[in-house]
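Before you read the points below, please take a moment with the sequence and the model together. This note is meant for someone meeting the structure for the first time.

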Amino acid sequence: MAGHLQRYREIAHVLTRNGLYASAVRAGLGRWLPALGDGVDPHVDDDVRPELLVRTFEELGTTFIKLGQLISSRPDVFPQAYCDAFAKLTDAASPVPFPELGTVVHEDLGLGVEEIYAWFDPAPLATASIGQAHRARLHDGRAVVVKIRKPGVVEQVRDDLDILRNLAGHLARNSRVLADLDLVGLVDEFARSLRTELDYLTEARAIDEFAGNLREEAGVHVPWVDWATTTPRVLTMEELSGTRIDDVAELDRVGIDRPELAHRAVSVLMRMVFEDGVFHADPHAGNLFVEADGTIGIIDFGMVGRVGPTMRRQFARMIVALYRQDTESLVSALLQIAPPRGTLDRRALRREVGRITGWLDGRALADIQVDVLANQIFTVVRHHRLALPPEVVQLFRMLVIVDGLGRRVDPGFDLTDALFPFARRLIEERLGARQVAARVRDATVAAAELGLDLPAYARSLMERVEDGGVDVTIRAGELDPLVERLERTGDRMVAAMVVAAMITGGTNVVVAYKDRMGPLFGPLVAGGGVALAAGSAYLAWTGRPRAIRPR
């Protein structure tokens, strides 16, 4: 607890030093703040410029830097200026002395580094805020990279996550804007992601999963994991070597066909998304290598995205709608993926989506930059408060990275050449006979289950009514359409009662007095039929769906 108090005090002082006094007060840090300076009013909003927040997060260390990186990847929630600023945050850190890392290895594996590995380079290959990577060689001669988690990182991150959630709760209660952003939910999402990143076993399992998914894919190399020397804090995996995929001068020197390479690499990444549902979420140039024979080596599986079958189909619908500049289909697909958090002005949404499809119309596909298109979509999502799932945001971010990578390797690269066929095939497969039959079966089962559950739902509703009724909230703007609908329903009920009375009465008269009517029987029956037809037509006409008139 003492550590928590010291950390609260440290955060309060960093915020104050950067001119964020009011923000600190709203975050519940008032008791740890230094005395107010002249002219400082905690009730006046701070000038929270993006670059100021970036500097503050850098000063607060690992957890806040990671949070800033999450913010940079959520343009569906935060304004683009803040996302761009936080994208400059790097995960670089000062190296940890080798003896400290050796202690971690000995604690986890029971032996010293010199006993486990035939050779181990004490100079770090790479250093990040959570761990450090070193080159080594196993006793059988195989070259490996060993990632070792820094001592004390878990404890520091765990304390910071507890504090962050508390601060987010205070800020959400004191700021309507942050409450609308679901700041607490974002912090919870961040906490789950960061805890996963702290456990190297998660990355090791992901490497094995990708290796299994791509085992039949020619020309792709995923490193193997040495499970005998892998723990939550130590990860030993095959070392891959080759040319960085964006080193075009070297690729040209060794005779690599760059357009073919770009298309092949992107096709592999698209297969991860649309066929496997598990994709590399950070495929930047530093994570892809071209080996001497042209094989593509993929490393660093710390960031992995997952999309289920339903989400893949919905995303494919969005891609196809964008490709065809189909506004209505794009609106429908977008709302399937990202339902509104509150009330939705569908007409305004359709108008803004229409601007996107209009912007696409007439442009050559190769000239459309995915980052510009994605930012337009995110602006619409943010404006209409649509709840875009984190995995879809991650997928868009991955496509932006892939598009930029492809253009560096091949200036004539067109992402749709690789993307659209996968999306279209996924939709076409959904319309196959077997898939349709499966959907009908699932719908039948769901309907049967609903039928079985209805009595329980009805009983629960009746109990609530008997206990004191059900509260219904109606906005003033919704009253006029509701009254109009009630009036129309009342008219139809009266008409239905008249028609029912005519049927009952007419039937009784015909049965009782048929023999006495003589020549009048036919005209009377015909007239009754005409009246019934008119009443039925009225009921049918007034019962048709009607658009509510805009107010």
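1. Overall make-up. Please keep in mind that this is a predicted model. The protein chain has 22 helices and 11 strands, and of its 551 residues 40% are buried. Among the contacts in the chain with a separation of 6 or more, 66% are between residues 24 or more positions apart.

2. The largest nonpolar core. This core has 126 residues, and the ones with the most contacts inside it are Leu-29, Ile-245, Met-270, Phe-274, Phe-315 and Met-398. Helix H13, which covers residues 258–276, gives the core its largest share, namely 10 residues.

3. Met-270 and its partners. Once neighbours within four places in sequence are left aside, Met-270 is in contact with Glu-275, Met-398, Leu-399, Ala-418, Leu-419 and Phe-422. Of these partners, Met-398 is also listed with Met-270 among the residues that have the most contacts inside the largest core.

4. Cavities. The structure holds three cavities of 30 Å³ or more, and the largest cavity contains about 320 Å³ of space. It is lined by 23 residues, of which Leu-322, Val-370, Leu-373, Thr-416 and Leu-419 are the closest to its centre. Helices H14 (309–323), H17 (370–383), H18 (390–409) and H19 (415–430) are the elements that give two or more residues to this lining. Sorted by class, the lining of the largest cavity has 17 nonpolar, three polar and three charged residues. Leu-419, one of the residues closest to the cavity centre, is also a contact of Met-270.

5. The second largest pocket. About 1,100 Å³ of space lies in this pocket, and 43 residues line it, with Val-48, Leu-53, Leu-171, Leu-178 and Leu-183 the closest to its centre. Its lining divides into 31 nonpolar, three polar and nine charged residues.

6. Residues with positive phi. Which residues other than glycine deserve a check of their backbone, given a positive phi? One is Asp-300, with a phi of about 65 degrees, found in the loop between strand S10 (296–298) and strand S11 (304–306); Asp-300 is partly exposed, at a relative accessible area of 31%. Another is Gln-325, whose phi is near 50 degrees and whose place is in the loop between H14 and helix H15 (327–337); Gln-325 is likewise partly exposed, with a relative accessible area of 26%.

7. Glu-189. Not counting residues up to four places away in sequence, Glu-189 touches Leu-70, Arg-74 and Pro-390.

Terms used: Residues are numbered from 1 along each chain as its sequence is written. This is a predicted model: local features need pLDDT of at least 70, side-chain atom pairs count only at pLDDT 80 or more; totals for chains, interfaces and linings use all residues. Side-chain values use heavy atoms; hydrogens and water are left out. Helices (H or I, at least four residues) and strands (E, at least two) are DSSP runs, numbered from the N terminus. Buried means under 20% relative accessible area, exposed over 50%, partly exposed in between (1.4 Å probe, protein chains only). Contact means heavy atoms within 4.5 Å. A nonpolar core is a set of buried Ala, Val, Leu, Ile, Met, Phe, Trp, Tyr and Cys residues joined through side-chain atoms within 4.5 Å. On a 1 Å grid over the protein atoms alone, a cavity is a set of points where a 1.4 Å probe fits but cannot get out, and a pocket is an open set with protein on both sides within 12 Å along at least five of seven lines; lining residues have an atom within 4 Å of a point. Grid points are joined across faces, edges and corners, and a volume is the space filled by probe spheres set on the points. Ala, Val, Leu, Ile, Met, Phe, Trp, Tyr, Cys and Pro count as nonpolar, Asp, Glu, Lys and Arg as charged, and the others, Gly among them, as polar.
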